[in-house]
Amino acid sequence: MKLKEKKNFQDMTNLKTFNIEKARELQRKIAKKVILYDDFLNPPQTVAGLDVSYKNKKAFAVAVILDYKNLKLLENKSISMDIKFPYIPTLLSFREVKPLSAVIEKLEIKPDVFLVDAHGIAHPYFSGCASHLGVSLDIPTIGVAKKKLVGDYNNPANKKGTWTLLKYQDQIIGAVLRTKKDCKPLFISTGHKVSLKSALKIVIETTKKYKHPEPLRLAHLLTKKVSTTKK
DNA sequence: GCGACAG
DNA sequence: ATCTTGTCGC
Ligand SMILES: [Mg+2]
């Protein structure tokens, strides 16, 4: 898949020269570019799932594309590269956007929407990994996280499909969705070009028998398989 | 100073 | 995220 050539994403993943003020500045800049309404093929025909795993100083990124209707696997790609940035809460994008961009570039099919294993705007600077990736590559993204980073919410009822709003600083930054009974809920937020309403619809429609939506479940399984195989 | 803290 | 076996509950 051809990536946006325009270089509106600075490379700040060099630890030696990393500057936290510059990083926050970039996050605020990205937040301003996030599009909160729908601007993608809706309903989508294809959905991608993205995830990254780590093993021996290496990062392994996987991208899978499923048919939106039957959730069958259409394509899957993987890449590996040296870890270039440590994990620091609120700075996850500086660790994962690089490998994710690399694997997306290898895709032959251009997915209509991407599910990312991270938050979108549900971030202290409204610039989580899903938003950072979406704005940088100009692709529609949805953030799907297993735990909250910021915000307050009421626990959704213990029934599949129920959800509550995630609020932060008097703003709605996402939703807390129960994707499976007796399982902890997932945190859904706009990444880029997908409204919260559509994000919820897409996550619900791509979640079948398990807690996670199929694209992310498959991407996660594959990324672990790849990391233990290619070591 | 203390607690929270995506992957 | 990663390191890991058994164990509890639907
Ligand atoms: Mg992950």
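1. Six residues are named around DNA strand C: S53, Y54, K55, K146, D182 and H220. A residue counts as near a strand or molecule if one of its heavy atoms lies within 4 Å of it.

2. Some ground rules come next. This is a predicted model, where local features need pLDDT of at least 70, side-chain atom pairs count only at pLDDT 80 or more, and totals for chains, interfaces and linings use all residues. Residues are numbered from 1 along each chain as its sequence is written, chains are lettered from A and ligands numbered from 1 in the order written, and side-chain values use heavy atoms, without hydrogens or water.

3. Now the polar contacts of DNA strand C. A polar contact is a pair of N or O atoms within 3.5 Å; within protein, one must be able to donate a hydrogen and the other to accept it, and residues adjacent in sequence count only if both atoms are side-chain atoms. A polar side-chain atom of K55 sits 2.8 Å from a phosphate oxygen of DNA strand C. The side chain of D182 has an N or O atom 3.2 Å from a sugar or linking oxygen.

4. Where does the largest share of the surface near DNA strand C come from? Strand β1 supplies it, with three residues. Helices (H or I, at least four residues) and strands (E, at least two) are DSSP runs, numbered from the N terminus. By class, this surface has one nonpolar, two polar and three charged residues. Ala, Val, Leu, Ile, Met, Phe, Trp, Tyr, Cys and Pro count as nonpolar; Asp, Glu, Lys and Arg as charged; the others, Gly among them, as polar.

5. DNA strand B has 17 residues around it, and the closest are Y87, T90, D117, C129 and K146. Sugar and phosphate make up 52% of its atoms within 4 Å of the protein. A polar side-chain atom of H123 is 3.5 Å from a base nitrogen of DNA strand B, and a backbone N or O atom of C129 is 3.1 Å from a base nitrogen. The surface near DNA strand B holds seven nonpolar, four polar and six charged residues.

6. The protein donors of the magnesium ion are D51 (OD) and D117 (OD), lying 2.1 Å from it. Donors are N, O and S atoms within 2.8 Å of the metal (3.2 Å for Na, K and Ca); water is not among the atoms, so sites may look incomplete. D51 lies in β1 (residues 46-55), while D117 lies in the loop between β4 (113-116) and α3 (129-137), 66 residues apart.

7. Buried means under 20% relative accessible area, exposed over 50%, partly exposed in between (1.4 Å probe, protein chains only).

8. D112 sits in the loop between α2 (93-105) and β4. It is buried, at 16%. A polar atom of its side chain lies 2.8 Å from the backbone nitrogen of Q45.
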